[in-house]
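Open the model in your viewer and follow the stops below in order. Each stop says what to select and what is there.

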Amino acid sequence: MSKSAATIRASRPASGFVGGVSHRYAKSDEGRNVPQGKRFGMKQLMALCLALLAAVALPAATQAQGGPLRIEITEGTIEPMAYAVPDFVAETPGASQYAQQLARVVADDLTGTGLFREIPREAHISRVTSFEAPVQFTDWRTVNALVLLTGSVAEQGGRITVKFRVWDVFAGTELGQGMQFAATADGWRRLAHKVADQVYMRLTGESGYFDSRVVFVSESGPKDKRAKRLAIMDYDGANVQYLTDSRSIVLAPRFSPNGDRVLYTSYQTGEPRVHILNVGSVQSQILPNASGVMSFAPRFSPDGSKVVYSVTTGSNTDIYLMDIAGGAPRQLTFTPSIDTAPSFSPDGSRIVFESDRSGAQQLYIMPVGGGEPTRISFGQGRYGTPVWSPRGDLIAFTKQLSGRFHIGVMRTDGSEERLLTASPLDEGPTWAPNGRVIMFSRETLGAQGTSSLYSVDVAGRKLTRVRTPDGGSDPAWGPLQ
Amino acid sequence: MKIFSKALILTIALGLAACTNGDRFGAGGGAGDGYGAGANGGVSGGILPGSANDPRSPAYFNQTVGDRVLFAVDQSTLSAQAQATLDGQAQWLMTNNDYLAVIEGHADEQGTREYNIALGARRANATMEYLISKGIAPNRLRFVSYGKERPVEVCAEEACYAKNRRAVTVISMGMGS
Amino acid sequence: MRRSFAISAGAHALVILWALVGNVFRPDPPEFEVSAVSVISEADFAALSEAAQAPTVQPDIVAPTQAPEPAPAPTRDPAPASESAPEPTPIPTPEPEPAPEPDPAPEPIPDPAPQPVPEPQPVPDPLPPAVEEVPQVLAPETAPRPKPRPATRVAADPVAAPEPDVAEAEEAQTAADPETESAEIVAETQEATAPPETATEIVTEADEPASAPAASVRPKTRPRDVAQQPAAATPDRTAPETPDAPAPAQPAEAGDAVASAIAEALAGGSAPTQAATPSGPPLTRGERDALRVAVQRCWLVDVGSEAANVTVTVSMDMDQGGRVVSSSLRLVNSSGGTGSAAETAFQAARRAILRCQGDTGYALPPEKYEQWKRIEMTFNPDEMRLR
């Protein structure tokens with residue numbers, strides 16, 4: 001086995017070099033052998049003149065020393081970054097119960113991204129017994145931790161205080177600076193998420209998504225008598241709280257941009273109608289002025305002032321836009337087809353939606369002001385429930401192909417389609433606030449079938465089930481808090 | 001306010017519907033469930049009023065006439081068999097003109113949630129328009145779609161999916177009765 | 001006169017104040033940023049929900065909120081709920097992180113989504129593809145396709161999974177090994193270890209024969225390189241004699257033909273002088289390649305990140321033993337991203353350089369120390385993003 005590994009490795013540099021893995025590097029090296037006397041364009045001539053001028057102008061001494069050796073690296077490795085999180089140091093007796101829990105939640109957050117890999121605690125050589133003591137970097141290098149997170153926790157009068165530092169083990173430096181969070185004791189999980197968000201930001205340069213909540217439909221009971229109610233939870237499935245009872249069917253809740261309201265579809269009146277719920281007061285009402293008897297698939301505009309949704313009239317389903325403050329809804333699509341599942345671009349200028357106007361479900365983009373939609377999906381199968389990434393670069397969707405369902409992403413022009421999951425029934429993607437992770441529902445088939453929430457990173461490497469007390473479907477990710 | 005009163009009426013209507021037909025989404029048999037006896041027509045003395053043998057009863061409608069029609073995958077066109085069932089429904093509604101009907105459209109689970117609501121609406125609407133074309137007053141009919149939310153069969157085979165792709169005519173006593 | 005005195009005094013006072021209050025004489029454990037996180041308790045939430053639900057009729061169905069015990073109002077955290085508004089918010093808006101990075105603008109990233117490669121993969125999957133009862137009439141390719149085997153590590157060189165009894169080494173003992181003459185000859189010097197299992201692409205759950213044809217495959221970016229060729233080739237005529245000259249500077253911003261031509265010409269033009277220096281001959285291609293391969297093994301690229309759009313050039317001084325002088329590591333240049341993305345890219349480059357030197361330093365020929373006592377390394381993730 002090791003022999004074959006050696007063979008593969010040995011062949012690599014040659015292919016990398018010749019085969020163009022580092023093209024420009026190779027070129028600059030070998031191009032020098034190109035024989036003289038090729039045609040001499042004006043542009044080249046100018047470049048040459050300039051170059052000669054520059055060469056004369058520069059002091060020859062620096063060149064005489066050879067200058068630095070220049071190397072270009074174009075091939076890296078895609079691999080989770082190894083980090084270590086020892087238990088936090090309990091600074092007061094009352095804090096000891098949190099010392100380990102905090103570290104575990106932080107580790108779960110980080111590892112769950114697929115970007116980081118935890119060095120198991122059994123492998124640790126150093127023990128961190130004091131938060132202020134110097135870090136033994138060599139010990140952490142030995143266990144191949146690239147990043148070390150140290151923390152401490154203190155408890156006083158029902159409030160806990162968490163401090164942490166992030167260390168680059170090989171550089172032997174601190175990344176960013178120490179930070180402290182405080183909260184009431186029952187909010188310790190949020191403290192852990194806040195720490196993890198900070199670590200994530202320092203390691204990736206991007207904002208995290210751990211201190212965020214997800215609104216979803218909690219499901220219980222058998223498939224033909226499924227009870228559904230709206231619920232809200234931490235992104236990792238903890239702290240589930242219910243927003244409605246299960247007397248009527250509720251579907252597809254969607255957070256407002258700042259998380260204070262939730263749009264959803266309820267059968268409370270007998271027909272599906274778009275409702276709006278105030279998360280603070282847990283009061284809901286039918287969205288005023290929504291035209292049509294059957295309205296569903298609502299979503300907020302990025303500024304929270306408008307709602308886009310679909311309305312069924314006769315056999316036709318079209319997309320409408322209305323101001324949440326009032327006013328008449330505006331019809332945006334006019335074909336006799338099923339146009340539904342609209343979602344705004346993050347700049348609020350365009351809407352992506354699904355339509356079967358071509359004969360089967362496909363994805364289209366139209367300007368918010370109306371106008372001819374552009375079809376963006378052309379692959380085989382059917383495409384539905386498009387959702388625009390908060391970063392604006394990608395659209396997540398549900399795809400049906402050959403009896404299977406996939407969650408996938410494509411660029412906004414439809415190119416670079418990439419399927420991230422596969423199962424008998426996946427649907428309803430929603431983006432994490434930083435656009436790096438997608439949550440969706442997965443239903444197992446058959447009489448015992450249940451629906452659960454899953455998350456997958458946008459590269460498709462880390463697929464994780466989100467543990468909820470009951471079944472779950474139709475997740476919608478809220479903002480980072 | 002108008003919406004609210006409308007909603008109130010709808011709720012009441014639905015409540016009535018629920019009274020007449022408790023297990024609306026149950027797998028109650030369609031046509032040809034062995035109640036052929038009802039076909040001999042007329043309210044004869046031996047028939048219990050309200051039972052499936054009473055041609056004027058909702059039970060007769062559900063079981064003998066057949067309260068549901070089925071559809072092909074991703075389709076909302078009515079098959080010849082479906083049209084025959086709906087002819088029977090139209091007949092019954094003409095005879096018992098104090099009843100109202102709500103047509104519920106459904107889809108199997110092989111589709112996304114939103115699309116299936118729209119698809120169920122297409123099916124229910126096709127059914128309703130057929131009944132109207134047979135002379136039923138439009139104001140006695142309305143439809144609603146449940147998408148894939150209320151399957152009657154739960155297996156993951158086509159046999160079950162076929163039964164879930166349906167439009168069910170649920171009758172209720174009208175205001176005049 | 002008085003005015004300038006006042007200004008001077010004021011400025012001095014400010015400086016002293018800054019020195020005292022600010023963080024000038026920074027103690028060893030640096031200052032902390034402190035932030036309070038206000039959290040509403042579950043009981044509070046339940047109480048809120050309970051109150052809100054009160055007017056609604058509660059039929060035989062269990063109440064939607066658990067724990068109906070009325071939470072005493074005084075314990076409620078005043079921070080989020082202190083508003084006089086009748087609806088207290090159960091989602092507290094905590095103070096934001098003390099040092100909030102400006103939210104990175106949602107700038108589109110050209111190539112974040114790697115593509116499943118259609119051709120058969122080098123690592124065939126021994127497992128048969130999942131049997132499907134689905135009719136495959138529509139799918140053009142029903143033939144089972146070797147499925148790339150998922151591995152947590154994705155690199156250019158696929159590595160088969162080590163056998164169970166082989167210890168998995170963090171790195172293969174290869175190019176960094178002093179004995180290794182050039183990258184062409186890379187041998188396992190330790191039989192007992194094998195590099196971690198590595199795939200050449202990210203394998204998702206959906207990468208199966210049944211779904212593979214669905215992906216629209218984008219060609220690899222050869223054309224872009226071709227486009228650059230003329231610029232790079234132009235000045236070559238000026239320096240025909242030095243096939244082994246050190247790699248000329250790679251302009252960080254690719255695409256500027258004139259700039260790159262100048263750079264090429266400079267490097268090439270100086271070659272004759274270089275040959276005259278007594279610092280030993282330039283490194284051979286193999287020697288440079290060995291260094292490159294050694295570093296790239298430790299360079300972790302987060303392909304979906306904004307940092308993956310940033311090309312950074314890092315300079316460093318080397319000691320005679322081939323070890324990097326840590327304190328000399330500097331970011332020379334970066335292009336293609338925001339400040340925080342560039343910082344992240346630099347950190348990744350720094351980690352790669354420092355980690356892969358191991359305890360023994362990089363394998364560089366000591367007699368040519370003058371040639372490599374300063375190194376500028378450019379980390380260009382362009383081609384990684386396609387993976």
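Among contacts in chain C between residues at least 6 apart in sequence, what share joins residues at least 24 apart? The share is 79%, where two residues are in contact if their C-beta atoms, placed from the backbone, lie within 7 Å. Before going further, note that this is a predicted model, in which local features need pLDDT of at least 70 and side-chain atom pairs count only at pLDDT 80 or more, while totals for chains, interfaces and linings use all residues. Residues are numbered from 1 along each chain as its sequence is written, and chains are lettered from A and ligands numbered from 1 in the order in which they are written.

**Stop 1: chain C**

Select chain C and colour by secondary structure. Chain C has nine helices and eight strands; helices (H or I, at least four residues) and strands (E, at least two) are DSSP runs, numbered from the N terminus. Of the 387 residues in chain C, 41% are buried. A residue is buried if 20 or more other C-beta atoms lie within 10 Å of its own, exposed if 12 or fewer, and partly exposed in between, with C-beta atoms placed from the backbone.

Now select residues 339-356 of chain C, which form helix H8. Buried residues account for 16 of the 18 in H8(C). The expected span of a helix is 1.5 Å times one less than its number of residues. For H8(C) that gives 26 Å, and its end C-alpha atoms are 26 Å apart, so the two agree. After H8(C) comes C:Gly358, with a positive phi near 60°.

**Stop 2**

Select residues 69-73 of chain A, strand E1, in which five of five residues are buried. In a regular strand the side chains alternate between the two faces of the sheet. On one side of E1(A) are A:Leu69, A:Ile71 and A:Ile73, on the other A:Arg70 and A:Glu72, and all are buried.

Two strands pair if DSSP finds at least two bridges between them. C:Ile375 in E8(C) is the bridge partner of A:Leu69.

**Stop 3: an annotated span and two domains**

Select residues 69-175 of chain A, where UniProt, in an unreviewed entry, places "domain: TolB N-terminal". UniProt positions are given in the numbering used here, feature names are shortened, and annotations may be inferred rather than shown by experiment. The span is 21% helix and 35% strand, and its end C-alpha atoms lie 28 Å apart.

Next, colour domain 1 (81-204) and domain 2 (212-480) of chain A separately; such bounds come from an automatic or database domain assignment. Their C-alpha centres lie 36 Å apart. Five residues of domain 1 are in contact with eight residues of domain 2.

**Stop 4: a sheet in chain A**

Show the open sheet of four strands in chain A, ordered E10-E9-E8-E31 with antiparallel pairing. Strands E10 (241-242) and E31 (471-480) stand at the edges with a single partner strand each, so one side of each has no neighbour in the sheet. Strand E8 (residues 212-220) of chain A is joined to E31(A) by six bridges. Look there for A:Val215, opposite A:Ala476 in E31(A).

**Stop 5: chains A and B**

Finally, select chains A and B: 32 residues of chain A are in contact with 26 of chain B. On the chain A side, E15(A) supplies the largest share, three residues.
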